[in-house]
Amino acid sequence: MWNLDFVFSGAPLNKLWFSKRLLISTFCLFISIPSFAQTNPVILVFGDSLSAEYGLERNSGWVNLLQGKLQKEKSVWQVFNASISGETSAGGLTRLPQILSQKKPGIVLLELGANDALRGLSLTETKNNLRKMIALSKKSGAQVLLFGMRIPPNYGQQYTEAFFRLYPTLAREEKIALLPFFLDGVASKPELFQADRLHPNEKAQNQLFQNVWAAMKPYYPLLTEKQK
């Protein structure tokens, strides 16, 4: 289990650091967005415990807040949460084809990889699995938003930084949108974590939602387009 006291020690999240990552995210704004007529209005959330409401009351997580936002905006899009606590990129790769076939999502929010590092899996394996999931999603006709993550620095600075760079590298290579750091605004605040000092609590969910919603900016026109 992580100890929040050292999760981000030695890894300052300064303004320059974020500006560089945001440039990568901005680059991804130029991805091609299909019209509603070509797209099934389903958003697939495909992640681990951070998206599966681990330790939270049902329907209190950021995914539910996203659905509420879409309803408020009178969007016809629906959110399907296929996240599983403890999920790895390998497990996700095994499950994804069937879910894509069943739900035919227009957008996939891909939030996986942290458990790989915690279990000591190689970065090459994680990157390959994520790349295959991105390819499967794109082949099915879905747009992909990749969630960037960090791991505790006690895994070694070289490994920690290489893991973090994996996400913007994939986003750039695959020409998909990127949320630079999913836990931005949460990671450095112990009061926003559960007793295990690993999983964000209910108070953190709005910030997580805001992070995701801001990163979904490339899709705003699609989400507000009227069904024909």
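Author: Gladly, and please keep in mind that this is a predicted model. Let us begin with a loop: Lys74 is placed in the loop between H3 and S2.

Reader: What is the phi of Lys74, and how should I read such a value?

Author: The general idea is that most residues other than glycine have a negative phi. Lys74 is not a glycine, and yet its phi is positive, about 60°. Another residue to look at is Arg197, in the loop between S5 and H8, where phi is likewise positive and near 60°, again in a residue other than glycine.

Reader: Is Lys74 buried or exposed, and how does Arg197 count?

Author: With a relative accessible area of 65%, Lys74 is exposed, because the cut-off for that word is over 50%. Arg197, at 32% relative accessibility, counts as partly exposed.

Reader: Now the sheet: in what order do its strands lie, and which of them stand at the edges?

Author: The sheet is open and has 5 strands in the order S2-S1-S3-S4-S5, with parallel pairing. Strand S2 (78-81) and strand S5 (177-179) stand at the edges, and each has a single partner strand, so one side of each is left without a neighbour in the sheet. On average, neighbouring strands of this sheet are turned by 20° against each other, direction ignored.

Reader: How many bridges join strand S3 to strand S4?

Author: There are 4 bridges between strand S3 (residues 107-111) and strand S4 (residues 143-147), and these two run parallel. Within this pairing, Leu109 has Leu145 in S4 as its bridge partner.

Reader: Which strands does helix H3 touch, and which does helix H6 touch?

Author: Helix H3 (residues 62-72) packs on the sheet and touches strand S1 (42-47), S2, S3 and S4, its direction making about 170° with that of S2. Helix H6 (residues 123-139) also packs on the sheet, where it touches S1, S3 and S4, and its direction makes about 170° with that of S3.

Reader: How are two packed helices described?

Author: One gives the angle between their axes and the distance between the axes. For H3 and helix H8 (residues 205-215), the angle is about 60° and the axes are 8 Å apart, and the two helices are therefore oblique to each other. The crossing in which H3 passes H8 is right-handed. Among the residues that make the contact are Trp62 and Leu66 of H3, and Phe209 and Trp213 of H8. The residues of this contact divide into 8 nonpolar, 2 polar and 1 charged.

Key. Residues are numbered from 1 along each chain as its sequence is written. This is a predicted model: local features need pLDDT of at least 70, side-chain atom pairs count only at pLDDT 80 or more; totals for chains, interfaces and linings use all residues. Side-chain values use heavy atoms; hydrogens and water are left out. Two strands pair if DSSP finds at least two bridges between them. Axes are lines fitted to C-alpha atoms, for helices over the stretch in contact, and angles run from 0 to 180 degrees between N-to-C directions. Contact means heavy atoms within 4.5 Å. Angles under 35 degrees count as roughly parallel, over 145 as roughly antiparallel, 65 to 115 as roughly perpendicular and the rest as oblique. A crossing is left-handed if the near helix is turned anticlockwise from the far one by less than a right angle, and right-handed if clockwise. Ala, Val, Leu, Ile, Met, Phe, Trp, Tyr, Cys and Pro count as nonpolar, Asp, Glu, Lys and Arg as charged, and the others, Gly among them, as polar. Buried means under 20% relative accessible area, exposed over 50%, partly exposed in between (1.4 Å probe, protein chains only).
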